Amino acid sequence: MQFVIEQEKLNAGLSFVARAVPSRPTHPVLANILLFADQANQTLSLTAFDLSLGIYTRMAASVEVGGRCTLPAKLLSDIISRLPQSTIAVANAIGEQSVTLKASSGEYQIRGMGPEEYPELPQVETGKSVQLSANALLEGLRRTLFATSPDEAKQILTGVHLKIQAGTLEFASTDGHRLAVVQTENIQSTDSLAVAAETTDLEVTIPARALREVERMVSLGSLDQEDALAPMGLRLDESQVIFEFGNQRLNSRKLEGAYPAYNQLIPQEFSSYIDLDRRQLLGALERIAILASQKNDIIKCTIDRDRQMVCFSAEAAEVGNALESLSAQISGDEPEEVAFNVKYLLEGLKVFTTSELQICLNTATSPVILRPLGELKMTYLVMPVQIRS
């Protein structure tokens with residue numbers, strides 16, 4: 001194997017795929033990255049795989065002799081990232097596991113492992129295929145990934161549930177205490193819409209870890225494109241999903257099990273509505289959260305309909321207390337007081353982008369809905385905390 005490539009290009013590729021390298025590999029070769037120099041196509045591909053998440057990328061290179069090798073991911077990334085921005089020559093002899101890197105600043109030798117030991121990424125041969133709007137996918141993921149559960153014991157809740165319909169994408173995530181649901185328009189070309197129409201009501205739950213890498217993949221692509229992003233290809237079968245975006249590919253297992261019927265949890269009628277300025281509310285909650293963090297992160301919300309004010313308070317007996325009041329448009333009757341975990345409110349408000357939001361309530365113990373007032377079709381449900389006298 002022998003090829004020449006720009007340091008900046010190789011460094012970016014290694015940074016991208018290295019996120020699929022396991023911190024505690026079950027097999028030594030999984031701590032490596034697979035390099036494939038393709039002489040026919042003059043490309044270099046990089047692959048990392050932890051047997052659950054796999055990331056692949058391909059880039060142009062000047063390949064004199066094709067071949068494969070695996071090299072330690074951290075060692076290789078650390079060296080390449082510190083080399084000057086110039087061309088790097090990479091070579092190894094047939095049958096040898098040591099690879100030589102030559103840059104303008106010096107020369108390095110790295111010992112790897114045989115490529116035949118590296119597991120192949122799973123393929124989807126007979127599953128379903130659909131084109132997704134990369135912009136719509138990015139918008140949905142940014143507003144739902146935060147609400148997934150970190151608890152592996154509730155495995156189905158560690159992912160985002162994606163529902164693909166003709167012309168729309170619906171994202172849902174919950175950790176059992178709050179629920180985020182976002183609908184975006186899956187607008188593509190006529191051909192892409194035809195594909196989406198064939199897969200109406202296609203549903204899949206995908207691990208949040210994989211989707212964070214998909215989000216990163218699309219976000220990095222958006223930096224290089226001024227116009228609308230190219231479509232994202234999605235292929236899936238009974239156990240695997242594959243995202244394809246340009247020269248990059250991400251493999252992930254699906255999460256097994258039935259996702260909660262989240263639409264049944266969202267109330268359709270409310271007794272009270274509160275319209276607020278989002279930035280003012282966010283600022284007030286960020287300040288009051290400092291004190292609330294001293295005791296369980298709980299804050300109380302007092303609704304004053306006569307004065308058209310909403311007051312947020314926190315008490316930490318050994319430290320002090322805090323009170324913030326905001327003007328609001330309030331309609332309806334009850335409740336007069338409701339308590340929340342302030343972290344849940346803050347995390348939801350931070351993914352809203354509109355200037356105003358609406359809080360919809362019934363009783364002090366029933367689900368509360370936050371909705372951005374504007375273009376984004378998002379529902380954020382938060383369960384109140386029971387106030388103990």
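Author: Buried means under 20% relative accessible area, exposed means over 50%, and partly exposed lies in between. The model here is predicted.

Reader: Why is Arg-216 called partly exposed?

Author: Its relative accessibility is 23%. That value falls between 20% and 50%, so Arg-216 counts as partly exposed.

Reader: What makes Glu-213 buried?

Author: Glu-213 has 6% relative accessibility. The value is under 20%, so the residue counts as buried.

Reader: How do you know that Arg-216 and Glu-213 form a salt bridge?

Author: Their closest N and O atoms are 3.7 Å apart. The cut-off is within 4 Å, so the pair counts. Both residues sit in helix α5 (residues 208–223), three residues apart, which is about one helical turn. Salt bridges with shared partners also link Arg-19 with Glu-213 and Arg-216 in one network.

Reader: Why is the contact of Arg-178 with Glu-347 called a salt bridge?

Author: The N to O distance is 2.7 Å. This is within 4 Å, so the pair qualifies.

Reader: Which parts does that pair tie together?

Author: Arg-178 belongs to strand β13 (residues 178–185) and Glu-347 to helix α7 (residues 342–351), so the bridge ties parts 169 residues apart in sequence. Arg-178 is buried at 5% relative accessible area, whereas Glu-347 is partly exposed at 32%.

Reader: What makes Arg-307 exposed?

Author: Its relative accessibility is 54%. That is over 50%, so Arg-307 counts as exposed. Arg-307 also forms a salt bridge with Asp-304, with 3.4 Å between the closest N and O atoms.

Reader: How many salt bridges does the structure hold?

Author: The structure holds 12.

Notes
Residues numbered from 1 in each chain as written. Predicted model: local features only at pLDDT ≥ 70, side-chain atom pairs only at ≥ 80, totals over all residues. Heavy atoms only, no water. Salt bridge = Lys/Arg side-chain N within 4 Å of Asp/Glu carboxyl O. Helix = DSSP H or I, 4+ residues; strand = E, 2+ residues; numbered from the N terminus. Buried < 20%, exposed > 50% of the residue type's maximum accessible area, 1.4 Å probe, protein only.
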